[in-house]
Amino acid sequence: MMQQYMAVKEQNPDAILFYRLGDFYEMFFEDAKVASRELELTLTGRDCGLPQRAPMCGVPFHSAESYIARLIQKGYKVAICEQMEDPATAKGLVKRDVIRKITSGTLLESTMLDEKRNNFICAIQWDDTYGAGLCFCDISTGQTQAIEMFGKGLAGAVISELARFEPSEAVLSPKAMEQEEVLAFLTKRLSCQIERGEEADFTEEAGRQWMGKHFEDTPSLQEDIQGRPMLIGAVGGLLSYLHQTQKNDLRQINRLEVYTKAQFMGLDPAARRNLELCQVMRSGEKKGSLLWVLDHTRTAMGGRLLRQWLEKPLVNAAQIALRQNAVQALLGDRPRRDGVLEGLRGVFDLERLISRVVYGSANCRDLRSLWQTACAIPQVKENLEGFGGSQYLKELWEEIDCLEDVAGLIDRAISTEPPFSLREGNLLREGFDEKIDQLRDLLKGGKGTLAAIEQRERERTGIPKLKVSYNKVFGYYIEISKSYADKAPEDYTRRQTLTGSERFITPELKELESQMLSAGEQLTALEYQLFCKVRDKVAMQAHRIQRTARAIARLDALCSFALAAEKNGYVMPEVDYSGVLDIREGRHPVVEKMLEDQLFVPNDTYMDEGDDRVSIITGPNMAGKSTYMRQVALIVVMAQCGSFVPAKSAHVGICDQVFTRVGASDDLTRGQSTFMVEMSEVADILQKATHRSLLILDEIGRGTSTYDGMAIARAVLEYAASKKTLGAKTLFATHYHELSQLESQVSGVKNYNVVVKKRGDDITFLRKIVPGGADDSYGIQVAKLAGLPDSVIQRAKQVLESLLEQAPQQKAECRKKASQPEAPEGQMTLGAAMGEEVLEKLRKLEPDTLSPIEGLGLLYELCKLAKEC
Ligand SMILES: Nc1ncnc2c1ncn2[C@@H]1O[C@H](COP(=O)(O)OP(=O)(O)OP(=O)(O)O)[C@@H](O)[C@H]1O
Ligand SMILES: [Mg+2]
C-alpha cells in the first residue's frame with residue numbers, strides 16, 4: 001500500500017495528498033507534518049517498510065470538506081485520492097487514483113466559496129510581438145471570459161484587467177512568467193496562487209482544440225477569436241490546466257465571452273482602490289463601499305453580477321440606456337416589482353447548483369434547491385411580463401425558462417427530506433421506482449410483499465386461511481390448517497407439522513429471504529445509481545438552466561439598482577457622448593449614508609470639454625474637498641454602470657477612463673517611498689489618459705517640499721489642462737492657494753473653493769462648493785478642532801506668523817517665475833538648457849592645451865551630456 005501511495009504522491013508533488021483509507025483520508029510524511037500543523041491534527045505513525053515509521057495524520061472523509069477548505073485558504077493545494085473499487089469485492093490491493101486536485105481557483109463547494117463573489121482562475125499567454133492573452137474562468141458558475149491586448153504599456157493594461165477580476169489562481173505561460181511586474185502584482189497584491197504552464201498548452205493549435213471541445217463553433221465565436229492567437233492560447237492554457245486538475249469533462253464551461261478593452265471604462269488598480277468601488281481601502285471590507293450602498297440583490301447570482309457591473313462600467317450609451325430604462329420601468333410599477341422580488345426570494349444559486357449538477361458533485365439537497373428555485377421562477381416571470389417600455393426586461397422575460405419539466409422530474413424522484421450523504425439511501429421518493437419501493441418494503445420486514453404473496457396464494461389454492469409468516473428457524477413459511485393440507489400445491493415443501501396446521505416453504509419465499517439479507521446494500525447502490533441518472537438528466541438541460549440563471553442574475557441586479565434608487569432618492573442621469581458633466585445637487589453615495597447626525601450638503605458640478613475642463617478646488621482641511629471629488633467620480637461610474645445617481649439631476653458625458661490620485665499619506669507602503677509612488681502614479685495617469693478621461697487629483701505634490709510640490713502640481717495641472725497635451729476633465733484639490741492664479745493664465749481652468757464660516761478663531765464647515773479660490777487653509781483651526789493641546793496651537797500660531805513675515809519675498813519671486821506661462825515650443829526647455837551647457841564647455845575649450853587622453857575624456861563627457869539633452 002505504501003508503494004501505491006508513493007507512486008500517487010510522486011505524480012502530485014505540489015499538493016497535499018488526501019489518501020482514502022476506509023472512512024478516512026490519511027496523509028503521510030511531509031504532507032502529514034504540514035497538515036497536522038495547519039489543521040491541529042494529532043500526528044501518529046505507520047509502518048511503511050522503512051526503518052522509521054511514516055508520520056501520519058487523517059481526517060474522517062465525511063467531514064473532509066472543512067479541512068480541505070482550511071488548507072486551500074492557507075494557500076495549499078489538495079489532491080483527493082479515492083478508492084476506485086469496492087474494497088469488499090476487490091482482489092488484492094484496492095485500486096486508488098487522484099480524482100481531483102483542489103486549488104484556490106478550482107473550488108466548487110458552496111462551503112468554500114463566498115456566495116456573492118466570483119472565484120476566478122486565470123491564464124495568461126504573452127508574446128513580446130503579439131501582446132498578451134488573458135482568460136478568466138469561474139468554474140463554479142462556468143462563466144468564461146477572454147481578452148487580448150497589445151501595444152504600449154501592456155503590463156499596466158494586463159494588471160488593470162487582473163485587478164478587475166482578482167483571480168485567486170493564475171496559470172502563466174513561460175513567457176508570461178517572465179513579466180516581473182505582472183507576477184509581482186499577482187503574488188503581492190492579489191495573493192494569487194501561481195502555476196507555471198507549459199508552452200505546448202498555450203499554443204494557438206492547442207487552444208483551438210480545447211475550444212472545440214467546450215464551445216459551440218458559431219460564426220460569432222469565430223469572428224471574436226479571429227486574429228487573436230494570444231487569446232486562443234490563454235483559453236487553451238486555462239482549459240488544459242482545468243482538465244489536468246479536475247479530471248472531469250467540465251461541461252459547465254460552454255460559453256466564451258470575448259471582450260475588448262474598449263468595451264468598458266478603464267479603471268486602474270489605484271482608481272478602484274481609491275474610489276472604494278467594492279471594498280474599502282483600509283480593511284478590505286464591503287461595508288462602506290459603493291457596492292455596499294447599491295447591493296440590494298436577493299440572489300447570490302445577482303450579487304455576483306452586480307459586483308461585476310461595478311467592476312466594469314460601460315462606455316456605450318445605448319447599452320447604458322437599456323439598463324437605465326429597465327431600472328426606470330421597475331421603479332414605475334411597485335406592485336409588479338414586489339412580485340418579482342418576492343419570487344426572487346425563493347431562488348437559490350442556480351448558477352452554482354447547475355455547475356455542480358453537471359460536474360457530478362451535486363447531492364440530493366442541491367437538486368431539491370434546484371426544484372425549489374424552479375417553483376419560484378413562474379412568479380418572477382409572471383410579474384415580469386407586465387413591464388411595458390423596457391426592451392431589456394422583455395428580453396429577460398423571454399430568456400427565463402420556468403423549467404417545469406426539470407422541476408417535475410426532481411420532484412417525482414428526489415426525496416423531500418434528503419440526507420446530506422449520497423451513500424446512505426433515502427435519496428428517492430416513494431413511487432418513483434418500483435424496484436426501490438420493493439427493496440424498501442423488504443427491508444421493513446417485507447410486510448407489503450408478504451401480504452401480496454399471501455393474497456395471491458389464497459386465491460391460487462383456494463385456501464381462505466392460508467398465512468405467510470416468519471420464524472427464526474425456517475425463515476419465511478406458509479401455514480395451512482390441517483383440514484386444507486392436502487390442497488397444498490406441488491411447489492410447497494413441507495417443513496413442519498403442528499397439531500392444527502402444516503408449515504411449508506416455497507422457492508419464492510427462499511428467494512425473498514436472501515433478497516432481504518442483501519436488500520440494504522442493493523437499495524443504497526440502486527438509489528445512488530438512479531439518483532445519478534436523474535442528475536444526468538437534469539445536467540442535459542444545463543444550457544437552459546444556465547441561460548435562466550443569467551437572466552435572473554441580471555434581473556436581480558437591475559432590481560437592486562431600482563431599490564437603491566428608491567431608498568436613497570437617486571435620479572436617472574442623462575448619459576451621452578457630449579463630454580459634459582453637469583450634476584445638480586450631487587451627493588456622495590457612501591458618505592451620505594455614513595453621516596449619522598448630520599445632513600449631507602449637496603453640491604453642483606459643471607465641467608465640459610471647453611472652458612470648464614479643469615476645476616481647482618481649494619479650501620480648509622476637513623472642508624470636504626476629497627469627498628466632493630470622489631463624489632463626482634462615483635456619480636460618473638454609477639451612471640455608466642446603468643445605475644441612477646445621488647443628485648437632483650445629472651447629465652453625464654461618457655468618460656473612457658477614470659483616474660484617481662489621492663494624497664501621499666492616504667496610501668499604503670509598497671516598497672517604494674510614498675512620494676515615489678505618488679509620482680509614478682501621476683506619470684502613469686498622464687501617459688494613459690485621453691481628453692475623454694476624468695482625472696481626480698487630490699493634493700498632488702503634497703509629499704515633498706513646498707516649492708517642489710507646488711511646482712510639480714502646477715506643471716501637472718498645465719499638462720492636464722492643455723488641449724495640446726491632454727485636455728482631460730480634471731478635478732484638482734490643493735492647499736497651494738497660489739495655484740488659483742492659473743484660472744487667468746491657462747484656458748479651461750476654473751477655481752472653486754469649499755466655504756467655511758469663520759468667527760474669531762473658530763470655523764464652521766459649510767461644505768458648499770462655490771466659484772473662486774480660497775484664501776486660507778485654516779490648518780491651525782482644524783488642528784484645534786481635532787483637540788491638539790492649547791500650548792501646541794499657540795506655538796503653531798507664533799511659528800506661522802514668523803514664517804509669513806519671511807515669506808512674502810520668497811513667495812513673490814516664486815510667483816513671478818511660476819506665473820510665466822508654460823514654455824511654448826522653441827523656447828528654453830530643460831533639454832535646451834543642457835545644450836547650452838555643452839556649448840559653453842566647447843566655448844571654453846582650448847584644444848591645444850589638451851593631451852590626447854584628456855581630449856578623449858572630454859569628448860566622452862560631451863557626448864554623454866549631448867545625449868541627455
Ligand atoms: N458635502 C458634505 N456634507 C456633509 N459632510 C461632508 C460633506 N463633505 C465632506 N463631509 C464630511 O467632512 C469630512 C472631511 O471631508 P474631506 O476629507 O473631503 O475633507 P478635505 O477637504 O479633503 O480635507 P483635507 O484637506 O484635510 O484632505 C468627511 O469625512 C465627511 O464626514
Ligand atoms: Mg482631502
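A disulfide counts here as a pair of cysteine sulfur atoms within 2.5 Å. In this predicted model, a search of the whole structure turns up zero of them. Take Cys375: its closest cysteine sulfur sits in Cys402, and at 10 Å that is too far for a bond. Cys375 is also partly exposed, with 43% relative accessible area. Cys559 is in no disulfide either, its nearest cysteine sulfur being that of Cys402, 16 Å away. With a relative accessibility of 0%, Cys559 counts as buried.

Now for the overall layout. The protein chain splits into domain 1 (2–102), domain 2 (115–263), domain 3 (295–403 + 541–568), domain 4 (438–532), domain 5 (574–818) and domain 6 (830–868). Domain 3 comes in two stretches, 295–403 and 541–568, and domain 4 covers 438–532. Between the C-alpha centres of domain 4 and domain 5 there are 91 Å. As for secondary structure, the protein chain holds 31 helices along with 27 strands.

Even so, buried residues account for 52% of the 869 in the protein chain. Looking at contacts between residues at least 6 apart in sequence, 69% link residues at least 24 apart.

Conventions: Residues are numbered from 1 along each chain as its sequence is written. Chains are lettered from A and ligands numbered from 1 in the order in which they are written. This is a predicted model: local features need pLDDT of at least 70, side-chain atom pairs count only at pLDDT 80 or more; totals for chains, interfaces and linings use all residues. Side-chain values use heavy atoms; hydrogens and water are left out. Domain bounds come from an automatic or database domain assignment. Buried means under 20% relative accessible area, exposed over 50%, partly exposed in between (1.4 Å probe, protein chains only). Helices (H or I, at least four residues) and strands (E, at least two) are DSSP runs, numbered from the N terminus. Contact means heavy atoms within 4.5 Å.
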